[in-house]
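Open the structure in your viewer and keep the selection tool ready. We will go stop by stop.

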Amino acid sequence: MACSSFFPSSHFFNPLSSSSYCSPPPPVSATRFRSLPSKQLNTLFTTAPPHHRRFSALPLFSEHHGGGNNNNNNNNGGGGWGYPFDSDDSFSPSSHTLFFSLLLSSAFCSFSQLVLAKFAKAKTLASEKEAFSESLWEVKGGKWTKLIPDNFNDSFVTSEPGLFSELSSINSTQVVTFLWFKCRDLFLRLMLPEGFPKSVTSDYLEYSLWRAVQGVASQVSGVLATQSLLYAVGLGKGAIPTAAAINWVLKDGIGYLSKIMLSNFGRHFDVNPKGWRLFADLLENAAFGLEMCTPAFPQFFVLIGAVAGASRSAAALIQASTRSCFFAGFAAQRNFAEVIAKGEVQGMASKFIGIGIGIGLGNCIGSSTPLVLASFGVVTWIHMYCNLKSYQSIQLRTLNPYRASLVFSEYLLSGQAPPVKEVNDEEPLFPAVPILNATFANKAKSNALSSEAKDAAAEIERRLELGSKLSEIVSSKDDALALFTLYKDEGYILSEHMGKFCVVLKESCLPLDMLKALFQVNYVYWLEKNAGIVGRGVVNDSKPGGKLHMSLDYVTREFDLVRSDGESVGWTTDGLIARPLPNRIRLGNMASSASS
């Protein structure tokens, strides 16, 4: 039970049971004064009158009745002081003196407490003013608002005035500047994720800026192409609208088939999203170019329109598939939905601007096909260049075969995992087309990667085969038993066959197992190039001292360490992003291979 007051002299009290004793409140330190608001300080030091049970604990008030049958004039225990609240005034004058002394002492203690409370309140207000004069901010997304203490309401309020208060307090010459800053803040809140730049990765802004410009260029091409299509069907020459509508439906209907056919390649988009996205942009521009040629060949409108529609549908599918890969990497605070939403807003703003420019340019060009194609060439160059720069700015943190091989090779050579940006700058956009890689290569090269690691990554990616058939890499029962024994605790089987690193995947293989297999492939390649250890056959390589046995032993010891080092520099090492062949094996009493 809490007490509302306490006496300064504790030697007056006798030990009591827990049911009748109320402990005094704990001492209030200066630290607590500074941390308590003013209202709580007033409550702490403003006390109610003492409870009557406290008086019953004093010998002065209890021993008067200690004799049991004695009246007020008889102190049968010797030393009784009388009961001061009794209506009988027969107790001795010394009792009056002691009683008034206690009252004066209580009044003095109460007055002292009030003085201390005033002093503590003044000290607390001074300390609050000193503390909050430096910095106390409310952070909401990317906006910082300064807070000041409101001592009367025991709260904090914003120091920024409202919109109308600000307008009334500035000069007329500052209105334009004020409105500009307000519109800029509104634009940033609408276009960028909340908490920018802390809520996204460092490459998000550069990517968004390049994408905004390419969006404008894309819409200009779209408007010009649509205008050419309308001229081709004779809409500008008074043709029947129904015929134009039928041709338009046939064009789009045939084009939609490309989406169905291309959906089977979805896994390829995850492995190399930058290259596929740039290829989709090329398809989209090719489709625009074909549509602009239709006025010159109106008799082939349906054919040209169908090919162009198929290209645009394929481009739209690839763009939608790869967009999620990019946005997932941008979400530094797992704010995937907001990053995607802001990306759509940025795209709509670019399209809005592009449509306006395209309409104006179309009115100037008219139906002249040469002028349309010339304008299209300039806009297409801007579109493709901005796309290329935007994809080169992206820093993918997942590991595909090339990026993982480059990370592992550099780790084996230098003992350190390379940074994310350097590896992304080195990765080719089109691994299967070297001439395009030389054309679209990123000129900004880094010294963080050695030439040996780059050559190793390219060679390993060329020789790697994920999802090999077991029947193609073993030639005898002894080879199969040796491999099964060596890799009995792994989700894969690695062996060399005709110059290729063949990885046989078990039915229970996970992306992390494939990443571990690729790490072993890199170490096997390192043994070949740096230690001069060559293969001596499957059986011999699987024995202690063999190349496969040594590499697996090293990978078992170092795999967790290299994953930890990779994560420390920003890599996502929970698995390998790859497109293995659809071959798996199942070990046990059933058939040794489900696909062989």
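The tour covers a helix pair, a salt bridge and a surface patch.

This is a predicted model: local features need pLDDT of at least 70, side-chain atom pairs count only at pLDDT 80 or more, and totals for chains, interfaces and linings use all residues. Numbering starts from 1 along each chain as its sequence is written, and side-chain values use heavy atoms, with hydrogens and water left out.

**Helix pair.** Select residues 401-414, helix α15, and residues 547-568, helix α23. Helices are DSSP runs of H or I, at least four residues, numbered from the N terminus. The two pack at an angle of about 105°, with axes 12 Å apart. Axes are lines fitted to C-alpha atoms over the stretch in contact, and angles run from 0 to 180 degrees between N-to-C directions. α15 and α23 are therefore roughly perpendicular (65 to 115 degrees).

Now show the contact side chains (heavy atoms within 4.5 Å). Phe 408, Tyr 411 and Leu 412 come from α15; Tyr 554, Glu 558, Leu 561, Val 562 and Asp 565 come from α23.

The cut-off is a side-chain nitrogen of Lys or Arg within 4 Å of a carboxyl oxygen of Asp or Glu. The structure holds 13 salt bridges.

**Surface patch.** Finally, select Val 213, Val 378, Trp 381, Ile 382 and Tyr 385, a nonpolar patch on the surface. Patch residues have over 30% relative accessible area and no salt bridge; nonpolar side chains (Val, Leu, Ile, Met, Phe, Trp, Tyr) are joined within 5 Å, like charges within 9 Å. Together they have about 490 Å² of accessible area (Shrake-Rupley method, 1.4 Å probe, only the protein chains shown counting as cover). Helix α14 (residues 369-393) gives the largest share, four residues.

Technical notes: Angles under 35 degrees count as roughly parallel, over 145 as roughly antiparallel, 65 to 115 as roughly perpendicular and the rest as oblique.
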